[in-house]
Amino acid sequence: MAQAGNVIQFSGHQYLRHRLVLSILSGKAVRIDKIRSDDKNPGLRDYEVSLLRLLERITNGTVIEISVTGTAILLKPGIIAGGSVTHDCPLSRSIGYFLEPVVMLAPFAKKSLHLTLRGITTDDRDLSADLIRTVTLPHLQLFGISEGLELRIKKRGSPPLGGGEVQFLCPIVKQVKTLNFVDSGRIKRIRGISHAVRVNPQFSNRMIEAARSVLNRYIPDIYLYSDVYKGEDSGKSPGYALSILAESTTGAIHCAEATSQPGVPPEDIALLASRALLEEIRRGGCVDRKHQSLALLMMVLGSEDVGRCRMGEPTARTIQFLRDVKDFFGTSFKIAPADPADETSSNLIFSAYGVGYVNANRTIA
Amino acid sequence: ARAAFEQHGRKGKRKDWTKLIYMSSLSPADILRDVSNASSNKDQTMALDDEDFFTVVSSSGPQEEVLDQTKEVLRVEDLKEWEDEEMLDSIRNLFITGGS
(Lines give C-alpha, C1' and ligand atoms only; values in the text may rest on other atoms or scores of the structure.)
Protein backbone atom coordinates (compact mmCIF):
# COMPACT_ATOMS: atom_id res chain seq x y z
CA MET A 1 0.00 0.00 0.00
CA ALA A 2 2.68 2.48 0.97
CA GLN A 3 5.05 3.66 -1.70
CA ALA A 4 8.76 4.02 -1.12
CA GLY A 5 9.65 7.41 0.25
CA ASN A 6 6.34 7.61 2.02
CA VAL A 7 7.71 6.48 5.34
CA ILE A 8 7.21 8.54 8.44
CA GLN A 9 10.08 8.44 10.85
CA PHE A 10 10.04 8.50 14.64
CA SER A 11 12.49 7.83 17.42
CA GLY A 12 12.04 6.35 20.83
CA HIS A 13 9.72 3.85 22.42
CA GLN A 14 7.19 6.36 23.68
CA TYR A 15 3.81 6.90 22.05
CA LEU A 16 4.27 3.67 20.11
CA ARG A 17 0.61 2.75 20.20
CA HIS A 18 -0.92 5.83 18.68
CA ARG A 19 1.79 6.01 16.04
CA LEU A 20 1.00 2.49 14.91
CA VAL A 21 -2.71 3.33 14.87
CA LEU A 22 -2.15 6.47 12.80
CA SER A 23 0.02 4.54 10.39
CA ILE A 24 -2.60 1.87 9.82
CA LEU A 25 -5.43 4.38 9.41
CA SER A 26 -3.51 6.68 7.09
CA GLY A 27 -1.94 3.86 5.10
CA LYS A 28 1.46 5.46 5.51
CA ALA A 29 4.38 3.31 6.56
CA VAL A 30 6.13 4.17 9.78
CA ARG A 31 9.67 3.53 10.90
CA ILE A 32 10.53 3.88 14.56
CA ASP A 33 14.14 3.66 15.61
CA LYS A 34 16.19 4.15 18.79
CA ILE A 35 13.76 2.05 20.76
CA ARG A 36 15.44 1.98 24.16
CA SER A 37 18.82 1.90 22.43
CA ASP A 38 20.54 3.27 25.54
CA ASP A 39 18.77 0.92 27.90
CA LYS A 40 20.46 -1.93 29.72
CA ASN A 41 17.84 -4.10 28.14
CA PRO A 42 17.45 -2.57 24.68
CA GLY A 43 14.69 -3.02 22.17
CA LEU A 44 11.03 -3.82 22.20
CA ARG A 45 9.37 -5.22 25.29
CA ASP A 46 7.33 -8.39 25.19
CA TYR A 47 4.05 -6.50 25.36
CA GLU A 48 5.04 -4.29 22.44
CA VAL A 49 5.89 -7.30 20.33
CA SER A 50 2.58 -8.80 21.41
CA LEU A 51 0.76 -5.64 20.34
CA LEU A 52 2.44 -5.74 16.93
CA ARG A 53 1.36 -9.33 16.57
CA LEU A 54 -2.21 -8.44 17.50
CA LEU A 55 -2.28 -5.60 14.97
CA GLU A 56 -0.91 -7.97 12.35
CA ARG A 57 -3.79 -10.32 13.04
CA ILE A 58 -6.61 -7.83 12.84
CA THR A 59 -5.19 -6.45 9.61
CA ASN A 60 -4.46 -8.09 6.29
CA GLY A 61 -1.25 -7.52 4.39
CA THR A 62 0.57 -5.65 7.10
CA VAL A 63 4.32 -6.09 6.92
CA ILE A 64 6.26 -5.62 10.12
CA GLU A 65 10.03 -5.71 10.14
CA ILE A 66 11.90 -5.71 13.42
CA SER A 67 15.64 -5.17 13.46
CA VAL A 68 17.89 -7.86 14.94
CA THR A 69 18.43 -5.88 18.11
CA GLY A 70 14.76 -4.97 18.36
CA THR A 71 15.57 -1.27 18.55
CA ALA A 72 13.98 -0.39 15.22
CA ILE A 73 10.74 -1.38 13.52
CA LEU A 74 9.21 -0.72 10.15
CA LEU A 75 5.49 -1.15 9.68
CA LYS A 76 3.89 -1.13 6.24
CA PRO A 77 0.19 -1.13 6.90
CA GLY A 78 -2.29 -3.33 5.12
CA ILE A 79 -6.04 -3.13 5.35
CA ILE A 80 -7.96 -3.50 8.59
CA ALA A 81 -9.63 -6.86 8.26
CA GLY A 82 -11.49 -7.38 11.53
CA GLY A 83 -13.28 -10.68 11.96
CA SER A 84 -12.95 -13.05 14.85
CA VAL A 85 -9.64 -12.87 16.72
CA THR A 86 -8.43 -14.27 20.02
CA HIS A 87 -5.30 -12.94 21.65
CA ASP A 88 -3.47 -13.80 24.84
CA CYS A 89 -2.02 -10.65 26.36
CA PRO A 90 1.27 -10.95 28.22
CA LEU A 91 1.05 -10.34 31.94
CA SER A 92 3.39 -7.36 31.75
CA ARG A 93 0.53 -5.09 30.65
CA SER A 94 -3.20 -5.17 31.10
CA ILE A 95 -5.83 -5.80 28.46
CA GLY A 96 -6.45 -2.05 28.30
CA TYR A 97 -3.04 -1.52 26.73
CA PHE A 98 -4.10 -3.65 23.80
CA LEU A 99 -7.71 -2.63 23.62
CA GLU A 100 -7.13 1.12 23.49
CA PRO A 101 -5.46 1.09 20.05
CA VAL A 102 -7.84 -1.57 18.78
CA VAL A 103 -10.83 0.61 19.69
CA MET A 104 -9.43 3.30 17.40
CA LEU A 105 -9.06 0.91 14.47
CA ALA A 106 -11.98 -1.50 14.71
CA PRO A 107 -14.75 0.80 13.36
CA PHE A 108 -12.88 1.01 10.06
CA ALA A 109 -12.45 -2.70 9.50
CA LYS A 110 -13.64 -4.74 6.57
CA LYS A 111 -15.75 -7.01 8.75
CA SER A 112 -16.97 -6.23 12.23
CA LEU A 113 -14.43 -7.23 14.83
CA HIS A 114 -15.06 -9.86 17.45
CA LEU A 115 -12.00 -9.83 19.65
CA THR A 116 -11.36 -12.00 22.68
CA LEU A 117 -8.52 -10.89 24.91
CA ARG A 118 -7.14 -12.79 27.87
CA GLY A 119 -4.95 -11.41 30.60
CA ILE A 120 -5.15 -8.73 33.27
CA THR A 121 -8.40 -6.79 33.22
CA THR A 122 -7.53 -4.04 35.69
CA ASP A 123 -4.22 -2.46 36.53
CA ASP A 124 -2.95 0.96 37.48
CA ARG A 125 -1.44 1.90 34.12
CA ASP A 126 -4.04 1.53 31.42
CA LEU A 127 -7.77 1.87 31.27
CA SER A 128 -9.42 -1.07 32.92
CA ALA A 129 -11.98 -3.18 31.14
CA ASP A 130 -14.63 -1.44 33.27
CA LEU A 131 -13.66 2.03 32.13
CA ILE A 132 -13.41 0.99 28.52
CA ARG A 133 -16.89 -0.45 28.75
CA THR A 134 -18.50 2.44 30.59
CA VAL A 135 -16.52 5.44 29.31
CA THR A 136 -14.54 4.69 26.15
CA LEU A 137 -17.39 3.07 24.26
CA PRO A 138 -19.84 5.94 24.98
CA HIS A 139 -17.20 8.28 23.58
CA LEU A 140 -17.34 6.34 20.32
CA GLN A 141 -21.10 6.75 20.29
CA LEU A 142 -20.61 10.49 19.94
CA PHE A 143 -19.26 9.75 16.49
CA GLY A 144 -22.11 7.52 15.41
CA ILE A 145 -20.47 4.22 16.28
CA SER A 146 -23.02 2.57 18.50
CA GLU A 147 -25.08 -0.33 17.27
CA GLY A 148 -23.58 -3.63 18.33
CA LEU A 149 -20.75 -1.96 20.19
CA GLU A 150 -20.09 -4.00 23.28
CA LEU A 151 -17.49 -5.12 25.75
CA ARG A 152 -18.22 -8.13 27.88
CA ILE A 153 -16.12 -8.89 30.90
CA LYS A 154 -16.27 -12.66 31.04
CA LYS A 155 -13.67 -13.15 33.74
CA ARG A 156 -11.72 -10.74 35.85
CA GLY A 157 -7.99 -10.95 36.28
CA SER A 158 -5.90 -8.92 38.66
CA PRO A 159 -2.14 -8.57 38.43
CA PRO A 160 0.23 -10.33 38.68
CA LEU A 161 -1.27 -13.53 37.34
CA GLY A 162 -4.29 -12.26 35.46
CA GLY A 163 -6.61 -14.93 34.22
CA GLY A 164 -9.27 -12.51 32.99
CA GLU A 165 -11.11 -12.55 29.71
CA VAL A 166 -13.04 -9.92 27.78
CA GLN A 167 -14.93 -9.91 24.50
CA PHE A 168 -14.98 -6.81 22.38
CA LEU A 169 -17.57 -6.49 19.65
CA CYS A 170 -17.31 -3.55 17.32
CA PRO A 171 -19.51 -2.66 14.36
CA ILE A 172 -18.08 -1.10 11.23
CA VAL A 173 -18.98 2.32 9.92
CA LYS A 174 -18.64 3.98 6.57
CA GLN A 175 -17.73 7.33 7.98
CA VAL A 176 -17.74 8.92 11.41
CA LYS A 177 -19.96 11.85 12.24
CA THR A 178 -18.61 15.32 12.73
CA LEU A 179 -18.47 16.20 16.38
CA ASN A 180 -19.85 19.44 17.68
CA PHE A 181 -19.64 19.24 21.43
CA VAL A 182 -19.03 22.55 23.11
CA ASP A 183 -21.46 22.55 26.01
CA SER A 184 -20.11 20.52 28.88
CA GLY A 185 -23.31 20.84 30.91
CA ARG A 186 -23.46 20.03 34.59
CA ILE A 187 -22.89 16.78 36.36
CA LYS A 188 -26.19 15.02 36.86
CA ARG A 189 -25.17 11.60 38.04
CA ILE A 190 -22.32 9.51 39.26
CA ARG A 191 -21.96 5.83 38.55
CA GLY A 192 -19.34 3.40 39.62
CA ILE A 193 -18.26 -0.18 39.63
CA SER A 194 -16.50 -1.61 42.61
CA HIS A 195 -15.07 -5.08 42.44
CA ALA A 196 -13.04 -7.31 44.67
CA VAL A 197 -11.74 -10.68 43.58
CA ARG A 198 -10.10 -13.34 45.72
CA VAL A 199 -10.31 -11.11 48.78
CA ASN A 200 -13.00 -10.55 51.37
CA PRO A 201 -16.11 -9.56 49.35
CA GLN A 202 -16.83 -6.93 52.01
CA PHE A 203 -13.95 -4.88 50.55
CA SER A 204 -16.17 -3.93 47.67
CA ASN A 205 -18.83 -2.50 49.99
CA ARG A 206 -16.26 -0.74 52.10
CA MET A 207 -14.99 1.04 49.00
CA ILE A 208 -18.50 2.10 48.05
CA GLU A 209 -19.13 3.51 51.49
CA ALA A 210 -15.90 5.49 51.51
CA ALA A 211 -16.53 6.89 48.04
CA ARG A 212 -20.00 7.98 49.09
CA SER A 213 -18.59 9.88 52.04
CA VAL A 214 -16.90 12.22 49.57
CA LEU A 215 -19.40 12.28 46.72
CA ASN A 216 -22.74 12.32 48.54
CA ARG A 217 -22.46 16.03 49.26
CA TYR A 218 -22.84 16.93 45.59
CA ILE A 219 -25.74 15.00 44.17
CA PRO A 220 -28.15 12.34 45.33
CA ASP A 221 -28.04 10.41 42.06
CA ILE A 222 -25.12 8.15 42.88
CA TYR A 223 -25.19 4.50 42.14
CA LEU A 224 -22.11 2.46 42.89
CA TYR A 225 -22.42 -1.11 41.85
CA SER A 226 -20.64 -3.91 43.56
CA ASP A 227 -19.66 -6.35 40.85
CA VAL A 228 -19.25 -9.89 42.08
CA TYR A 229 -17.23 -12.52 40.27
CA LYS A 230 -16.91 -15.94 41.80
CA GLY A 231 -14.70 -18.99 41.47
CA GLU A 232 -13.02 -19.40 38.10
CA ASP A 233 -14.38 -16.09 36.86
CA SER A 234 -12.44 -14.09 39.39
CA GLY A 235 -9.03 -14.78 37.93
CA LYS A 236 -5.84 -16.02 39.48
CA SER A 237 -4.73 -13.19 41.75
CA PRO A 238 -6.38 -11.17 44.50
CA GLY A 239 -7.20 -7.53 43.89
CA TYR A 240 -9.85 -4.87 44.05
CA ALA A 241 -10.57 -1.58 42.36
CA LEU A 242 -13.09 1.22 42.14
CA SER A 243 -13.94 2.77 38.77
CA ILE A 244 -16.23 5.79 38.89
CA LEU A 245 -17.64 8.15 36.32
CA ALA A 246 -19.62 11.36 36.36
CA GLU A 247 -22.06 12.14 33.58
CA SER A 248 -23.27 15.61 32.71
CA THR A 249 -26.60 16.86 31.42
CA THR A 250 -25.13 17.04 27.92
CA GLY A 251 -23.57 13.59 28.11
CA ALA A 252 -20.00 14.56 28.88
CA ILE A 253 -18.32 11.83 30.91
CA HIS A 254 -15.41 12.12 33.29
CA CYS A 255 -13.90 9.12 34.96
CA ALA A 256 -11.37 8.05 37.52
CA GLU A 257 -10.16 4.81 38.92
CA ALA A 258 -7.95 3.48 41.65
CA THR A 259 -6.72 -0.06 42.12
CA SER A 260 -5.62 -2.01 45.14
CA GLN A 261 -2.11 -1.54 46.42
CA PRO A 262 -0.43 -3.73 48.97
CA GLY A 263 -0.95 -2.50 52.51
CA VAL A 264 -3.53 0.14 51.63
CA PRO A 265 -7.05 -0.33 53.01
CA PRO A 266 -9.95 -0.32 50.53
CA GLU A 267 -11.29 2.91 52.05
CA ASP A 268 -8.16 4.78 51.00
CA ILE A 269 -8.35 3.35 47.50
CA ALA A 270 -11.91 4.59 47.22
CA LEU A 271 -10.99 8.04 48.51
CA LEU A 272 -8.19 8.22 45.96
CA ALA A 273 -10.57 7.36 43.15
CA SER A 274 -13.23 9.81 44.36
CA ARG A 275 -10.80 12.69 44.69
CA ALA A 276 -9.29 11.93 41.31
CA LEU A 277 -12.81 12.16 39.91
CA LEU A 278 -13.34 15.56 41.50
CA GLU A 279 -10.04 16.70 40.03
CA GLU A 280 -11.19 15.49 36.64
CA ILE A 281 -14.52 17.26 37.00
CA ARG A 282 -12.79 20.49 37.94
CA ARG A 283 -10.66 20.38 34.81
CA GLY A 284 -13.89 20.47 32.87
CA GLY A 285 -14.48 20.05 29.18
CA CYS A 286 -16.70 17.66 27.30
CA VAL A 287 -14.19 14.85 27.02
CA ASP A 288 -12.34 13.11 29.77
CA ARG A 289 -8.57 13.59 29.77
CA LYS A 290 -7.88 9.93 29.22
CA HIS A 291 -9.98 10.06 26.07
CA GLN A 292 -8.71 13.27 24.51
CA SER A 293 -6.68 11.44 21.87
CA LEU A 294 -9.56 9.17 20.94
CA ALA A 295 -11.95 12.09 20.48
CA LEU A 296 -9.41 14.13 18.54
CA LEU A 297 -8.61 11.21 16.26
CA MET A 298 -12.27 10.73 15.41
CA MET A 299 -12.60 14.46 14.77
CA VAL A 300 -9.74 14.28 12.28
CA LEU A 301 -11.34 11.34 10.52
CA GLY A 302 -14.77 12.98 10.44
CA SER A 303 -16.55 14.17 7.32
CA GLU A 304 -15.29 17.26 5.52
CA ASP A 305 -16.72 19.74 7.90
CA VAL A 306 -15.47 21.60 10.94
CA GLY A 307 -15.68 19.55 14.12
CA ARG A 308 -15.51 21.34 17.42
CA CYS A 309 -15.02 20.09 20.94
CA ARG A 310 -14.48 21.71 24.32
CA MET A 311 -11.76 20.16 26.43
CA GLY A 312 -9.64 20.88 29.42
CA GLU A 313 -5.93 21.46 29.00
CA PRO A 314 -4.29 18.76 26.89
CA THR A 315 -2.12 16.15 28.53
CA ALA A 316 1.43 15.42 27.42
CA ARG A 317 0.14 12.43 25.48
CA THR A 318 -2.43 14.56 23.73
CA ILE A 319 0.15 17.16 22.73
CA GLN A 320 2.35 14.53 21.14
CA PHE A 321 -0.70 12.96 19.54
CA LEU A 322 -1.66 16.27 17.92
CA ARG A 323 1.83 16.61 16.49
CA ASP A 324 1.81 13.08 15.16
CA VAL A 325 -1.63 13.54 13.61
CA LYS A 326 -0.20 16.45 11.67
CA ASP A 327 2.59 14.23 10.35
CA PHE A 328 0.22 11.54 9.19
CA PHE A 329 -2.87 13.41 8.06
CA GLY A 330 -1.62 16.98 7.67
CA THR A 331 -4.44 18.17 9.89
CA SER A 332 -3.77 20.71 12.55
CA PHE A 333 -6.25 21.82 15.15
CA LYS A 334 -7.19 25.34 15.99
CA ILE A 335 -7.04 25.66 19.76
CA ALA A 336 -8.69 28.69 21.30
CA PRO A 337 -9.80 29.55 24.82
CA ALA A 338 -13.38 28.42 25.35
CA ASP A 339 -14.39 31.37 27.49
CA PRO A 340 -12.17 34.30 26.51
CA ALA A 341 -13.99 36.53 28.96
CA ASP A 342 -13.53 34.25 31.94
CA GLU A 343 -9.99 34.46 33.27
CA THR A 344 -10.38 31.47 35.57
CA SER A 345 -11.40 29.04 32.86
CA SER A 346 -8.67 26.96 31.31
CA ASN A 347 -11.02 25.19 28.93
CA LEU A 348 -10.18 25.18 25.26
CA ILE A 349 -12.10 24.69 22.07
CA PHE A 350 -10.39 22.32 19.69
CA SER A 351 -11.57 22.64 16.13
CA ALA A 352 -10.43 20.99 12.95
CA TYR A 353 -11.58 20.27 9.45
CA GLY A 354 -12.16 16.55 9.06
CA VAL A 355 -10.30 14.69 6.33
CA GLY A 356 -13.47 12.89 5.27
CA TYR A 357 -12.06 9.47 5.96
CA VAL A 358 -14.14 6.82 4.24
CA ASN A 359 -13.88 3.22 5.27
CA ALA A 360 -12.76 1.73 1.99
CA ASN A 361 -12.21 -1.70 3.53
CA ARG A 362 -15.87 -2.18 4.32
CA THR A 363 -17.60 -4.99 2.52
CA ILE A 364 -20.79 -3.74 0.96
CA ALA A 365 -23.62 -5.81 2.27
CA ALA B 1 -8.93 27.02 48.18
CA ARG B 2 -5.27 27.93 48.18
CA ALA B 3 -4.75 26.07 44.95
CA ALA B 4 -7.76 27.73 43.40
CA PHE B 5 -6.20 31.01 44.36
CA GLU B 6 -2.94 30.13 42.67
CA GLN B 7 -4.80 29.07 39.62
CA HIS B 8 -6.42 32.44 39.57
CA GLY B 9 -3.11 34.23 39.69
CA ARG B 10 -1.41 32.39 36.90
CA LYS B 11 -4.22 32.87 34.44
CA GLY B 12 -2.95 36.34 33.69
CA LYS B 13 -0.71 34.89 31.02
CA ARG B 14 -2.74 32.73 28.75
CA LYS B 15 -1.10 30.03 26.70
CA ASP B 16 -1.25 30.06 22.95
CA TRP B 17 -1.73 26.35 22.60
CA THR B 18 -1.78 26.24 18.80
CA LYS B 19 1.59 27.91 18.71
CA LEU B 20 3.08 25.80 21.47
CA ILE B 21 2.00 22.56 19.91
CA TYR B 22 2.64 23.14 16.23
CA MET B 23 5.28 25.82 16.13
CA SER B 24 7.70 24.96 18.88
CA SER B 25 10.05 22.10 19.52
CA LEU B 26 9.35 21.96 23.23
CA SER B 27 8.66 18.48 24.49
CA PRO B 28 5.08 17.85 25.65
CA ALA B 29 6.25 17.67 29.25
CA ASP B 30 7.99 21.04 28.96
CA ILE B 31 4.88 22.68 27.57
CA LEU B 32 2.85 21.44 30.48
CA ARG B 33 5.48 22.34 33.03
CA ASP B 34 5.46 25.89 31.76
CA VAL B 35 1.73 25.94 32.28
CA SER B 36 2.53 24.86 35.84
CA ASN B 37 -0.20 22.69 37.14
CA ALA B 38 -1.46 24.11 40.40
CA SER B 39 -2.18 20.61 41.59
CA SER B 40 1.39 19.36 41.34
CA ASN B 41 3.67 21.70 43.16
CA LYS B 42 6.14 18.89 43.29
CA ASP B 43 6.73 19.03 39.56
CA GLN B 44 7.39 22.71 39.77
CA THR B 45 10.27 22.34 42.17
CA MET B 46 11.67 19.64 39.96
CA ALA B 47 11.52 21.96 36.99
CA LEU B 48 13.71 24.44 38.80
CA ASP B 49 16.79 22.27 38.89
CA ASP B 50 16.22 20.96 35.41
CA GLU B 51 19.51 22.25 34.03
CA ASP B 52 21.50 19.77 36.05
CA PHE B 53 18.88 17.14 35.47
CA PHE B 54 19.23 17.02 31.72
CA THR B 55 22.88 16.10 31.64
CA VAL B 56 22.43 13.02 33.80
CA VAL B 57 19.46 11.49 32.06
CA SER B 58 21.11 9.66 29.17
CA SER B 59 23.45 7.68 31.41
CA SER B 60 20.92 4.82 31.60
CA GLY B 61 20.98 4.86 35.37
CA PRO B 62 18.52 3.04 37.53
CA GLN B 63 15.83 5.63 36.79
CA GLU B 64 12.43 4.35 35.99
CA GLU B 65 11.41 4.04 32.40
CA VAL B 66 8.64 6.25 31.07
CA LEU B 67 5.91 3.87 30.05
CA ASP B 68 3.32 4.33 27.36
CA GLN B 69 0.39 4.45 29.75
CA THR B 70 -2.96 6.13 29.57
CA LYS B 71 -3.78 6.60 33.20
CA GLU B 72 -1.78 9.03 35.20
CA VAL B 73 -0.25 7.84 38.41
CA LEU B 74 -2.50 8.82 41.28
CA ARG B 75 -0.54 10.27 44.12
CA VAL B 76 -2.08 10.81 47.50
CA GLU B 77 -0.15 14.08 47.93
CA ASP B 78 -1.52 15.55 44.71
CA LEU B 79 -5.07 14.97 45.82
CA LYS B 80 -4.59 16.26 49.36
CA GLU B 81 -6.29 19.52 48.50
CA TRP B 82 -9.58 17.68 48.21
CA GLU B 83 -9.59 17.10 51.95
CA ASP B 84 -10.29 20.78 52.30
CA GLU B 85 -13.95 21.70 52.72
CA GLU B 86 -13.61 24.95 50.82
CA MET B 87 -12.03 23.13 47.92
CA LEU B 88 -14.84 20.62 47.88
CA ASP B 89 -17.37 23.44 47.81
CA SER B 90 -15.56 25.29 45.05
CA ILE B 91 -16.77 22.90 42.36
CA ARG B 92 -20.36 22.73 43.54
CA ASN B 93 -21.49 24.86 40.63
CA LEU B 94 -20.43 22.13 38.21
CA PHE B 95 -23.25 19.91 39.48
CA ILE B 96 -26.93 20.30 38.67
CA THR B 97 -27.71 20.64 42.36
CA GLY B 98 -25.35 23.59 42.87
CA GLY B 99 -26.34 27.23 42.37
CA SER B 100 -24.81 29.07 39.46
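Mentor: Chain A is divided into domain 1 (1-79), domain 2 (82-173), domain 3 (187-283) and domain 4 (288-353), with bounds taken from an automatic or database domain assignment. This is a predicted model, in which local features need pLDDT of at least 70 and side-chain atom pairs count only at pLDDT 80 or more, while totals for chains, interfaces and linings use all residues. Residues are numbered from 1 along each chain as its sequence is written, and chains are lettered from A and ligands numbered from 1 in the order in which they are written.

Trainee: How many residues does the contact take from domain 2 and domain 4 of chain A?
Mentor: The contact takes 6 residues from domain 2 of chain A and 7 from domain 4 of chain A, counting residues whose C-beta atoms, placed from the backbone, lie within 7 Å. On the domain 2 side, helix α4 (residues 129-141) of chain A gives the largest share, 3 residues.

Trainee: New topic: which strands pair with β10(A)?
Mentor: Strand β8 (residues 113-119) of chain A pairs with β10(A) in the antiparallel sense over 7 bridges, and strand β9 (residues 150-155) of chain A, also antiparallel, is joined to β10(A) by 5 bridges; pairing requires that DSSP finds at least two bridges.

Trainee: Which residue of β10(A) does A:R118 stand opposite?
Mentor: A:R118 stands opposite A:E165, whereas A:E150 has A:L169 as its bridge partner in β10(A).

Notes. Two residues are in contact if their C-beta atoms, placed from the backbone, lie within 7 Å. Helices (H or I, at least four residues) and strands (E, at least two) are DSSP runs, numbered from the N terminus.
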